[in-house]
Amino acid sequence: MTRRPPATGPARMRAARGVWIGLAAVFVLVEATLTGADAGLWGSPLWRPLAYQYGGFWAGLLHGWQANYPMQPLAMFVTYPCLHAGWQHLLGNLLVFGWLGEQLGRSFGAARLAALLAISALGGGLAFGLLATSPRPMVGASGAILGMVAAWIAAEAHQMARDGQPRARILRMCASRSAAVLALNLVATWFEAGGLAWETHLGGFVAAALALTVLRPLP
């Protein structure tokens with residue numbers, strides 16, 4: 001029996017690229033389908049509201065609301081990141097998603113990146129369900145993206161530690177970047193007049209930060 005050698009940086013990046021490109025393709029396909037239906041090119045203009053009704057994240061479903069189907073309170077944790085509020089929302093997420101995916105590919109590899117994305121999406125949904133009071137559904141991959149931001153900070157800290165940087169300097173970097181993420185979310189929430197699901201962003205970031213105590217960057 002032979003042991004498989006560890007994947008090199010380029011190999012890890014190629015495998016991880018398959019993860020985020022595959023997810024991005026799903027997001028684009030879903031939004032293209034709904035946009036075409038909105039424009040009357042196929043289907044029905046009712047497709048988008050129905051998609052939100054059945055696939056969006058409804059906080060009330062965790063507090064006794066009647067579900068549309070039996071598994072909806074669990075299924076919405078998986079379906080809400082695949083839906084977006086239009087092309088502008090999707091494109092903004094894709095730009096950050098792709099950039100961070102490239103940054104994290106070599107450090108984490110496909111399996112750990114996929115796990116971080118799943119944990120971040122679950123954490124974002126859970127935080128929204130527990131903290132939000134809005135009766136509207138929440139959609140978008142922002143929770144997973146904030147989890148990727150946390151992983152990006154962790155990867156930078158890991159590299160600084162390998163380079164022999166002082167622990168105090170590493171902690172300052174982590175604190176300053178985390179504070180910058182918080183500040184940007186506060187500003188964005190103010191500009192969006194409450195339309196931004198800050199609860200999801202916070203939950204995705206915190207869930208990933210906790211998971212990164214186990215899912216550390218690969219050597």
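The radius of gyration is taken over C-alpha atoms, and the rule for a globule is 2.2 Å times the number of residues to the power 0.38. For the 219 residues here, a compact globule would have a radius of gyration near 17 Å, and the protein, at 19 Å, agrees with that. This is a predicted model, in which local features need pLDDT of at least 70 and side-chain atom pairs count only at pLDDT 80 or more, while totals for chains, interfaces and linings use all residues. Residues are numbered from 1 along each chain as its sequence is written, and side-chain values use heavy atoms, with hydrogens and water left out.

Along the principal axes, the C-alpha atoms fill a box of roughly 55 × 40 × 30 Å. The protein has seven helices and zero strands (DSSP runs numbered from the N terminus: H or I of at least four residues for helices, E of at least two for strands).

Two packed helices are described by the angle between their axes and the distance between the axes. Helix 4, residues 87-131, packs on helix 5, residues 142-162, at about 60 degrees, with the axes 7 Å apart (axes are lines fitted to C-alpha atoms over the stretch in contact, and angles run from 0 to 180 degrees between N-to-C directions). That makes helix 4 oblique to helix 5 (angles under 35 degrees count as roughly parallel, over 145 as roughly antiparallel, 65 to 115 as roughly perpendicular and the rest as oblique).

Of the 219 residues, 42% count as buried (under 20% relative accessible area with a 1.4 Å probe, protein chains only; exposed is over 50%, partly exposed in between). C82 counts as partly exposed because its relative accessibility is 23%.
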